[in-house]
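Please open the structure in a viewer and keep the selection tool at hand.

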Amino acid sequence: MTAILDLWAALPDVVRSTAWILIVTVAVILSVAFTTLWERKVIGWMQLRKGPNRVGSIFGLLPGIFQPFADVIKLLLKEVVLPSAANKWLFRVAPAITLIPAFAAWAVMPLDPALVIADIDAGLLYVLSLTSVGVYGIILAGWATNSKYAFLGAMRSAAQIVAYEIAMGFALVGVVMAAGTLNLGDIVRAQEGGVSSWFFLWLFPLFVVYLIAGVAETNRAPFDVAEGESEIVAGFHVEYSGIAFALFFLAEYANMILISALTAVFFLGGWLSPFEGVLAADNALAQPGFHWLFLKLFFFLTCFMWYRATFPRYRYDQIMRLGWKVLIPVTLVWIAVAAVMVHFRVGPWSAN
């Protein structure tokens, strides 16, 4: 093992970065696949049914474990139909524009105290810029199809995303004020000192706004009017089929995982242990690590599924009213409150 570690350390930075990019990309793809299975299982348990349980098992355990792979094969074998009046180039490129930012954002995600692919100082701006690019894929998908249903769905989705991105951005202003940095790793380190130092306690309204805006940003229930309003025709991707539809499907779940991870990083200490300051520093449970980030991410990811099984779909006017008239004013007020707390060194900033 020592020889392997020495060989790894001797590799050029470019080789190591490329290896980590491949590892993280494959991990995210597999996570998306199994998230679809987990969602169907969770909602099945909530509704007193089994969920997928026919495709594969491991020694009789985990029935349905291979269901995601069966879904992939089915979508790969389906025909991709291009509407005759569509702009064929834009029709093909729109799913990629939606999917790529959801994967590229992981480049600056601090997975561990010593593991981040690109440790850049403007990491937060990088994430915000990438999450904003996805809306272009949605608009292009609706427009390139040359279908009124798809175009209306794209406009609804774009308006919703823009409204909630403003609230999300304002919520992160409070995080930047509290941490004093745009580097995601440093934002996590600014929360050291135990649960009482995590930002979700002192920025709780911003935490709630960010969580709600994240659900709306991913077009998830109860904010999924773009995928099924009164006409129930799937909105902007109504004309997509096969692997082209699968890319939109993949992007939605990849964004769910990304928003869950960012929520943990910004407000719940990322890879920091909740037992820090409670147990002895040499206790294994008090040590930071990727496993803590994964548990927090998994919790928020399960909440996405819980919301889908619980809340009815909102009307479009209700969604826009919540975004513009409730969430944005709440963020503006709490940014002012956070500024006062930072100035007077209240709470976790008292030692700074």
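Predicted model: local features only at pLDDT ≥ 70, side-chain atom pairs only at ≥ 80, totals over all residues.

Residues are numbered from 1 along each chain as its sequence is written, and side-chain values use heavy atoms, with hydrogens and water left out.

**The cores**

Select Trp106, Leu184, Tyr210, Phe266 and Phe267, which have the most contacts inside the largest nonpolar core, a set of 72 residues. A nonpolar core is a set of buried Ala, Val, Leu, Ile, Met, Phe, Trp, Tyr and Cys residues joined through side-chain atoms within 4.5 Å. Buried means under 20% relative accessible area, exposed means over 50%, and partly exposed lies in between (1.4 Å probe, protein chains only). Next, colour helix H10, residues 242-267, which gives the most to this core, with 14 residues. Helices (H or I, at least four residues) are DSSP runs, numbered from the N terminus.

Which residues does Leu184 touch, not counting residues up to four places away in sequence? They are Val108, Met109, Pro110, Gly123, Leu124, Val127, Leu262, Val265 and Phe266. Contact here means heavy atoms within 4.5 Å.

**Helices H5 and H6**

Two packed helices are described by the angle between their axes and the distance between the axes. Select helix H5 (residues 123-144) together with helix H6 (residues 148-179): their axes come within 8 Å and cross at roughly 170 degrees. H5 is therefore roughly antiparallel to H6. Axes are lines fitted to C-alpha atoms, for helices over the stretch in contact, and angles run from 0 to 180 degrees between N-to-C directions. Angles under 35 degrees count as roughly parallel, over 145 as roughly antiparallel, 65 to 115 as roughly perpendicular and the rest as oblique.

Show side chains where the two helices meet: among them are Leu128, Val135 and Trp143 in H5 and Phe151, Ile161 and Glu165 in H6. The contact of H5 with H6 has 14 nonpolar, four polar and one charged residues. In this classification, Ala, Val, Leu, Ile, Met, Phe, Trp, Tyr, Cys and Pro count as nonpolar, Asp, Glu, Lys and Arg as charged, and the others, Gly among them, as polar.

Remain in helix H5 and centre on Val135, which counts as buried at 10% relative accessibility. Leaving aside neighbours within four places in sequence, Val135 is in contact with Ala158 and Ile161. Val135 and Ser157 are 22 residues apart in sequence and 8.0 Å apart in space, C-alpha to C-alpha.

Move to Asn146 in the loop between H5 and H6. Asn146 has a positive phi of about 60 degrees although it is not a glycine, and at 54% relative accessibility it counts as exposed.

**The loop between H9 and H10**

Asn219 lies here, and its phi is near 60 degrees, a positive value in a residue other than glycine; at 5% relative accessibility, Asn219 counts as buried. Pro222 is found in the loop as well, and the peptide bond from Ala221 to Pro222 is cis, with omega near 5 degrees.

**Helices H11 and H2**

Select helix H11, residues 290-310. Its buried residues, including Trp292, Phe300 and Tyr307, pack against helix H2 (13-46), helix H9 (204-217) and H10. Trp306, also in H11, is partly exposed, with a relative accessible area of 46%.

Where does the tour place Glu39? Glu39 is in helix H2, and it is buried, with a relative accessible area of 2%. Not counting residues up to four places away in sequence, Glu39 touches Arg220, Tyr253, Met305 and Arg308.

How values were computed: Expected span 1.5 Å × (residues − 1).
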